[in-house]
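Hello,

Here is the structure I promised to pass on. Have a look at it first, and my notes on what turned up follow below.

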Amino acid sequence: AEQSKGTRIRHFLLKTEADNKLYHPLPSDTLFQDVVDYYDGHGTANQQLKAHYLLGCIYRDRGEAPMALQCFNNAIEKADTLSDDCDYTTLYKVYGQMADVYAKQFLAEKALEAERKYSHFAWLAKDTFNYIKGKELMVIHYFALCDTPQVIFVTKECEQLYKKYGYPQEAANIYHELIDIYLGASQYEKAHELMQICEKQSGLFDENGEPVKKHYYYNKGRYYAGVNQLDSAESCFRKLLAAGYEYDAYKGLLICFRKKKETDSVIKYSALCEEGLEHLLSQNQIEASIQADALYDYTRHQTKALQEAKTSERRLFIIIGFGILFLLFLCAAGIVLYLYTRRREKKTEQTHRIRILAADLSERFTALQKTCAVN
């Protein structure tokens, strides 16, 4: 409290930035809005960029996607990309957050464009790892858009870049979408080759060969089912079920028991698969409702802001109108005063001339009388 306002604001900004990096709870938008307002009035372009970015992160954590996107767009507008000291690091993080928000709303094309800019500005920030990571994240969105050629091309490009810049483990961990594509096309040898690279070189498997990311069991099970190693496939899907991926696990087990022609199990897992799908749809509906509520709040906020802007605009027009009328009144009064003054000056001038003329006539008349008296 003994410090200046600028110091207190900067401390709050740095603390919020640290909390964001450490996944700690962030302050309320109302409190942090003071930071944004302060830097909008007194800060540099980089400070304004960071302030709006962190406000967007606050809305992101609250699930208010529209407000988060608006803040991220405001942050982008504040960035001075023509300046030599532009904070490209914060700028690429802004695009990364935007990509995440778009992806959660199933807007793959917008997410793809945001990832592309994330990669571009990471390169300008001289952050090679995130330059490649941005490209790698583009693969997910190409996959969502069913753009198989781009999935293959960008995956291989990222593999080469990771190896070139010294990230061998990351190079071995970028094949998941490509494995999915090969399994879907029944190209089991190609899928198995990539799975072997991933399991041996990615560093994401323990000494017993168990994956850190348990969803890997889904593709592993699909591979075993595809090559008719049904017991191994069933084992993978049951591990997947234990990890909490119910729908994918039931779907995989259904594939196994259909191949085994075990009718009772097929009936059982068909029903469980249906229940799992309904559960997923229910979760999607809940998320859609949350997003709809956030959009409603955002729309209401925007409508209120628009109404306030219109009210302010009307007030401004009224003030300007009265100002114009006042100026017109002053001009009219000035013209009237000028005409009155000119008329008065002319009248005074005429009176003066009449007096001079009268005095001249009087002198001439007096001189004439004297002349007549002498004669």
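Tyr 23 is exposed, with a relative accessible area of 77%; here buried means under 20% relative accessible area, exposed over 50%, and partly exposed in between, with a 1.4 Å probe and protein chains only. Tyr 23 sits in the loop between H1 and helix H2 (29–42). Although Tyr 23 is not a glycine, its phi is positive, at about 60°. Lys 261 also has a positive phi of about 60° and is not a glycine. You will find Lys 261 in the loop between helix H14 (246–260) and helix H15 (263–374), and at 72% relative accessibility Lys 261 counts as exposed.

A word on the ground rules before going on. This is a predicted model, in which local features need pLDDT of at least 70 and side-chain atom pairs count only at pLDDT 80 or more, while totals for chains, interfaces and linings use all residues. Residues are numbered from 1 along each chain as its sequence is written, and side-chain values use heavy atoms, with hydrogens and water left out.

Now the overall picture. The protein chain has 15 helices and zero strands; helices (H or I, at least four residues) and strands (E, at least two) are DSSP runs, numbered from the N terminus. Of its 375 residues, 34% count as buried. The accessible surface of the protein chain comes to about 23,900 Å², and 56% of that belongs to carbon and sulfur atoms. These areas come from the Shrake-Rupley method with a 1.4 Å probe, and for residues only the protein chains shown count as cover. Among contacts in the protein chain with a separation of 6 or more, 51% are between residues 24 or more positions apart, where contact means heavy atoms within 4.5 Å.

How do H1 and H3 meet? The axes of helix H1 (residues 5–21) and helix H3 (residues 45–61) come within 11 Å and cross at roughly 45°. Axes here are lines fitted to C-alpha atoms, for helices over the stretch in contact, with angles running from 0 to 180 degrees between N-to-C directions. H1 and H3 are therefore oblique to each other; angles under 35 degrees count as roughly parallel, over 145 as roughly antiparallel, 65 to 115 as roughly perpendicular and the rest as oblique. On the H1 side the contact is made by Leu 13, Thr 16, Glu 17 and Asn 20, and on the H3 side by Lys 50, Ala 51, Tyr 53, Leu 54, Cys 57 and Arg 60.

His 52 also belongs to helix H3. His 52 is buried, with a relative accessible area of 7%. Beyond its neighbours within four places in sequence, His 52 is in contact with Val 36, Asp 40, Cys 71, Asn 74, Ala 75 and Lys 78.

Cys 57 is buried, at 0% relative accessible area, and Cys 71 counts as buried at 4%.

Last, Asn 219 lies in helix H12 (residues 216–226) and counts as buried at 12% relative accessibility. Leaving aside neighbours within four places in sequence, the contacts of Asn 219 are His 176, Ile 179, Asp 180, Leu 183 and Met 195.

Best wishes
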